[in-house]
Amino acid sequence: MKVIRLREGKERSLLRKHPWVFQGSVEKGRADSGETVRVESHSGQFLAWAAFSPNSMIRVRAWSFDEAERIDADFFRRRVEAAVAMRARLGLRSNGVRLIHGEADGLPGLIVDRYEDILSVQFLSAGTERWKQQIADALLAATGCTRLFERSDSAVRQMEGLEPVKGWLRGGGDTTVTLHEHDIRLTVDVEEGHKTGYYLDQRENRALFARLVRQFGCQSVLNCYSYTGGFSVSALAGGATEVVSVDSSGPALARASAHVELNGFDPAHHTALDADVNGTLRQMLKDGRQFDAIVLDPPKFAPSAAHADRASRAYKDINRLGLKLLKPGGLLLTFSCSGGIGAELFHKIVAGAGLDAGVDAYILQRLEASSDHPTTVNFPEGEYLKGLVLLKR
Ligand code: SAH
């Protein structure tokens with residue numbers, strides 16, 4: 001077993017059960033990509049069993065802090081079973097569930113979403129790449145699924161020195177399935193969809209939106225960054241009669257329109273706009289448009305804390321425009337999925353947007369990702385999605 005020796009004082013994060021070691025903390029030791037290593041403090045104390053990533057800034061990702069534990073196929077079986085069992089206790093009303101959420105489930109670099117009978121999987125680190133076959137076997141055994149589609153085509157693989165991979169790893173057939181999420185139905189194509197196919201992290205917030213639209217009697221709804229229209233269909237389910245979905249992806253919008261019909265709603269109540277959101281908001285403001293409810297769910301503007309400044313301005317801009325386009329008494333659901341922008345900073349950005357817009361609003365609720373995308377006490381960095389429900393005064 002190869003040993004990675006840390007610089008003096010650099011053992012602190014592993015002692016706190018935080019699973020990452022950065023390049024600069026390693027004093028000596030090398031291993032192959034994804035190889036299991038023994039990580040020791042400067043004085044030779046055992047810290048963790050970990051996967052080595054020779055090309056990544058995150059040089060080491062811990063598998064286990066227990067010296068007696070062996071990293072083998074059985075280890076992955078245990079971790080996968082525990083994560084799947086946790087999801088079964090959450091009482092989620094959907095056949096689309098995040099089963100493995102990376103570090104939070106003790107499996108750094110592994111993302112697994114279940115869509116009906118298909119597992120859609122991202123192997124994002126050298127360690128998960130190395131154990132891919134054992135992990136795939138464990139996933140099928142723990143779920144009873146026979147089909148596993150690999151979506152390791154995320155840009156973060158490059159930082160690990162890994163090539164993009166996309167295709168069936170187990171089983172095969174049609175890559176499209178129908179999700180039943182709360183009271184709505186949505187189709188997901190695990191081959192063509194974003195990430196693993198869909199944004200399951202917003203499931204509870206979409207259901208909440210349907211309830212809010214009904215409660216506040218919203219008729220006109222603007223869904224910005226709509227993707228395949230999850231929030232749009234939720235708005236129609238809540239009784240909205242004039243819903244506009246805006247996204248820059250044509251295929252996503254085509255699916256959004258199909259989802260309106262799939263759920264039995266009048267296509268005349270929905271408009272799909274293939275456009276840039278920022279430009280659209282500005283034009284709508286010029287045209288004097290107003291809405292009863294607006295959703296802002298943009299892509300990650302800040303991939304890391306280093307991008308926080310530019311991202312802050314971009315968030316502020318769309319929130320300012322959104323608040324202006326809202327009727328008094330209207331609802332704004334606004335989100336950020338940037339890990340580099342914490343909840344507190346996001347609230348400040350939205351406050352700044354309100355000030356610039358000359359608008360005040362009640363904060364009705366603070367939102368986060370669904371419980372199947374958990375954050376853990378030992379790895380607070382895992383928190384990424386945050387949102388606010390605002391009621392314009
Ligand atoms: N709210 C969606 C998920 C949104 S993901 C849901 O519940 O499923 C972010 C979306 O923003 C993607 O669909 C992407 O195509 C879109 N997008 C990214 N940049 C955009 C831009 N400048 N203008 C419009 N849409 C954009």
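**View 1. Burial of F75 in the predicted model.** F75 has a relative accessibility of 0% and therefore counts as buried (under 20% relative accessible area, with exposed over 50% and partly exposed in between; 1.4 Å probe, protein chains only). F76 is likewise buried, its relative accessible area being 0%. Across the protein, 56% of the 393 residues count as buried.

**View 2. Aromatic pair of F75 and F76.** Rings of Phe, Tyr and Trp (its six-membered ring) pair if their centres lie within 6.5 Å; planes under 30 degrees apart count as stacked, over 60 as edge-to-face and the rest as tilted. By this rule the protein holds 14 aromatic pairs. The ring centres of F75 and F76 are 5.0 Å apart and the planes stand at 85°, so this pair is edge-to-face. Together with W63 and W131, F75 and F76 form one aromatic cluster.

**View 3. Aromatic pair of Y199 and Y227.** The rings of Y199 and Y227 are edge-to-face, because their centres lie 5.0 Å apart and their planes are at 85°. Y199 belongs to the loop between β13 (184-189) and α6 (203-215), and Y227 to the loop between β14 (220-224) and α7 (230-237), so the pair ties together parts 28 residues apart in sequence (helices, H or I, have at least four residues and strands, E, at least two; both are DSSP runs numbered from the N terminus). Y199 is partly exposed at 24% relative accessibility, whereas Y227 is buried at 9%.

**Notes.** Residues are numbered from 1 along each chain as its sequence is written. In this predicted model, local features need pLDDT of at least 70, side-chain atom pairs count only at pLDDT 80 or more, and totals for chains, interfaces and linings use all residues, while side-chain values use heavy atoms, with hydrogens and water left out.
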